[in-house]
There are 2 protein chains.
Amino acid sequence: MTSTQPQGVSMSASEPNLDWLISVDDHILEPANLWVDRVPRADRDRAPHIEVDDKGMDAWVYDGKRFPSSGLSAVAGKSKEEFSPKSLSYSEMRPGCYDAKARLEDMDRAGILASLCFPTVTRFCGQLFMEASDREFGLVCLRAYNDWMIEEWCAAAPGRYIPLVLIPMWDPALAVTELERCAGMGATTFAFSENPAPLGLPTIHDAGGYWDPVMAAANDLEMVVSMHVGSSSTVPQIAPDAPFLANLAWGATRTSGAMLSWLFSGMFQRYPKLKIALSEGEIGWMPYFLERAEQVLDKQRHWVKKGMKFGEHEVSRNVDLDTLDVRATFRDHIYGCFIEDAHGIASIAELGADNIMCETDYPHSDSTWPNCITVVRELIGHLPPRTQYKILRGNAERLYRFTPAEPPVLAGV
Amino acid sequence: MTSTQPQGVSMSASEPNLDWLISVDDHILEPANLWVDRVPRADRDRAPHIEVDDKGMDAWVYDGKRFPSSGLSAVAGKSKEEFSPKSLSYSEMRPGCYDAKARLEDMDRAGILASLCFPTVTRFCGQLFMEASDREFGLVCLRAYNDWMIEEWCAAAPGRYIPLVLIPMWDPALAVTELERCAGMGATTFAFSENPAPLGLPTIHDAGGYWDPVMAAANDLEMVVSMHVGSSSTVPQIAPDAPFLANLAWGATRTSGAMLSWLFSGMFQRYPKLKIALSEGEIGWMPYFLERAEQVLDKQRHWVKKGMKFGEHEVSRNVDLDTLDVRATFRDHIYGCFIEDAHGIASIAELGADNIMCETDYPHSDSTWPNCITVVRELIGHLPPRTQYKILRGNAERLYRFTPAEPPVLAGV
């Protein structure tokens, strides 16, 4: 069915292979030996490691704290009636949660050709190591994660995993060094925070240019800035006693804030090759907020440009507002992904087909596993095959400069 | 062109009049004599009144504080290059800002058949009187506003203004009395807060049922709960130093939070005739958040129902999650409006045509005045005429039980 084309796009002229997708957002429950196998022998006890309590329950232990695994982080194989946030041990998880080879079976079954995975115990952009009392050793552990990601997780099945690496968020110079090191090992993307402010870090608008060296390096190395929803370590609350499901449904409000924040940041003007991926942020809210951004820019920029104060809020001026083109900036720099976002797909004429990717969120509770390819195909099946191919795989291959393995031949198919 | 139908809908069988709209969100700059003419003579000096400073600048004075008018609240007639948040005096405003008869000319020019207006110095849901040191006198002033709204503003042009009244948010029993009084005078809607928590008030989820008497009365009296964006007295900030235009473009995130909050509140199950209007909240974000609400309800309700804790957040259970129908609840209870939301209109198949109204935001800086009817007609012109009519007028007439005046015959038209 497939033939290799010059740019590594597996697609015959007439009939693209639409049986497989690339998921740009899945999750790893880190295996127990990840750090103890990689840090110096003398440091094994203080590296993140698993301890079992007297009730037989696993938890990660690091820097004097225990981190049990949430049941909602490893639901693959369970029915929604069985979902529970209660802690669970690795022995209760499906092996695909933590084992790269075992996961291949789960990927094959769900039509997942390749997968980009975010970490769990380190949190989405390595907050664990930033918050550690010994950041020097935190960096040792962070680098061990990156080595493991590339040398073990991804190497376990070439062409099936896209490496995502961490940076020491607390030190831009060290972050640049780590980006360069990882790029040299083949990484094309790193985890960043959708909003560094709640982490106690300067934002991308920092007047002192805290993040500029990092973004300059990302630009030069063509490393995609991957921001997972929740990577600000916040769960948005509509009100202190708002129903939990209302807050949960409101989750993408963090991602919409991140998109607007970047659109008006000036980062893309300074670093024209920079690209950001809004992971698990969904896409259905994008058309409205892009249109609204255009409207406020059109109507309100004139007085904003004068540097006036609005109440007590001083107006920031981070970008040339007269030349800012919201749609072009989105098209050239911002990528979204979806699990089963029918409204986002219905809006594809407004969003364009080149900035949308799919994800499966395996093994979290939003996942459609094991029906991933079926769910996506039902959503996009009315689109032209080449557009479907872009969404299923093509856009991810281009963004992450990734050539996937040939799709496996499955027994009985 | 028009003929009167049994339900007061001006529409011939074949050709509805699409030359006029009803705006469900405009703004009044209160006229100087509003309170001084209506409170007891002895209280005139302490009622809200206008004082001119030594530079000749107007400001409202009440309860020992000065409240100048923001230039952005009265831009009608100015080009966007002239917009400014600097304070301005009433003499610098277009008379339509504060004079009901003068506004008719501006409405006629823009195709606005009727208008529902929010107050300014009282703030969107009467926060001024709630924050006053003497709430008893605050209630006197609040009732004076309501009397003025009905007896002067709306009476100045019957069938051209929909009365919106205020309630004493600080006392539900008094609020019920005021709702009953105003309903008796013909009001069909009152201003409420999109989120009472930042105002220091219990939310609609309050375990003690703080708002239940008010919502029970609104249900019985069929008074629409009108919540203007910003009626929580908050401007959302993505980050402390986020660009102002990014925050401004993010504004509807308050309204999306309000919609989700109400959807999961149980209020509509307890009060089945209750209807809410999300004023100046726009509509383009609604399809995504409705779909997302359905998804989290489907996948996550099972463990949420068990009353589990999620981190430190206790899960609220305010509604029967097994029977909650997100789409039906939206259809039966929630109304949105738009100024020029192309994405919202493009999504009308998902939203339905019965819950969408239009607004012109006169005389604020988001307004399309004087091109209001032209802008809306361009957005909705591809829809069937009867659908256009619903959006332009029909839905507002039904929701607010309002029969507008026959459209005026304009000279030269």
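Two rings of Phe, Tyr or Trp, the six-membered ring being used for Trp, are counted as a pair if their centres lie within 6.5 Å. In this predicted model, that rule gives 38 aromatic pairs over all chains.

One of these pairs joins Trp35(A) and Phe129(A). Their ring centres are 6.0 Å apart and their planes meet at 65°. Planes over 60 degrees apart count as edge-to-face, and the pair is therefore edge-to-face. The two residues belong to distant parts of the chain: Trp35(A) lies in the loop between strand S1 (21-27) and strand S2 (49-52) of chain A, whereas Phe129(A) lies in helix H2 (residues 127-130) of chain A, 94 residues apart. Both Trp35(A) and Phe129(A) are buried. They also belong to one aromatic cluster, whose members include Trp60(A), Tyr98(A), Trp148(A) and Tyr161(A).

Residues under 20% relative accessible area count as buried. Trp148(B), at 3% relative accessibility, is therefore buried, and Trp153(B) is buried because its relative accessible area is 2%.

Aromatic rings also take part in arrangements with charged groups. In chain A, the charged end of Arg46(A) sits over the ring of Phe137(A), 4.0 Å from the ring centre. In chain B, the charged end of Arg46(B) sits over the ring of Phe137(B), 3.9 Å from the centre of that ring.

The next element to consider is a sheet. Strands of a sheet pair through backbone hydrogen bonds, either parallel or antiparallel. Chain B contains an open sheet of 3 strands in the order S2-S3-S4, with antiparallel pairing. Strand S2 (49-52) and strand S4 (65-67) of chain B each have a single partner strand and stand at the edges, so one side of each has no neighbour in the sheet. On average, neighbouring strands of this sheet are turned by 45° against each other, direction ignored. S2(B) and strand S3 (residues 58-62) of chain B pair in the antiparallel sense over 4 bridges. Within this region, Ile50(B) has Trp60(B) in S3(B) as its bridge partner.

Finally, two helices of chain A may be followed. The axes of helix H13 (residues 372-380) and helix H14 (residues 385-399) of chain A come within 11 Å and cross at roughly 145°. H13(A) passes H14(A) in a right-handed crossing. The contact is made by Ile373(A), Val376(A), Arg377(A) and Ile380(A) from H13(A), together with Gln388(A), Ile391(A) and Leu392(A) from H14(A).

Key
Residues are numbered from 1 along each chain as its sequence is written. Chains are lettered from A and ligands numbered from 1 in the order in which they are written. This is a predicted model: local features need pLDDT of at least 70, side-chain atom pairs count only at pLDDT 80 or more; totals for chains, interfaces and linings use all residues. Side-chain values use heavy atoms; hydrogens and water are left out. Rings of Phe, Tyr and Trp (its six-membered ring) pair if their centres lie within 6.5 Å; planes under 30 degrees apart count as stacked, over 60 as edge-to-face and the rest as tilted. Buried means under 20% relative accessible area, exposed over 50%, partly exposed in between (1.4 Å probe, protein chains only). A charge sits over a ring if NZ of Lys or CZ of Arg is within 6 Å of the ring centre and within 35 degrees of the ring normal. Two strands pair if DSSP finds at least two bridges between them. Axes are lines fitted to C-alpha atoms, for helices over the stretch in contact, and angles run from 0 to 180 degrees between N-to-C directions. A crossing is left-handed if the near helix is turned anticlockwise from the far one by less than a right angle, and right-handed if clockwise. Contact means heavy atoms within 4.5 Å.
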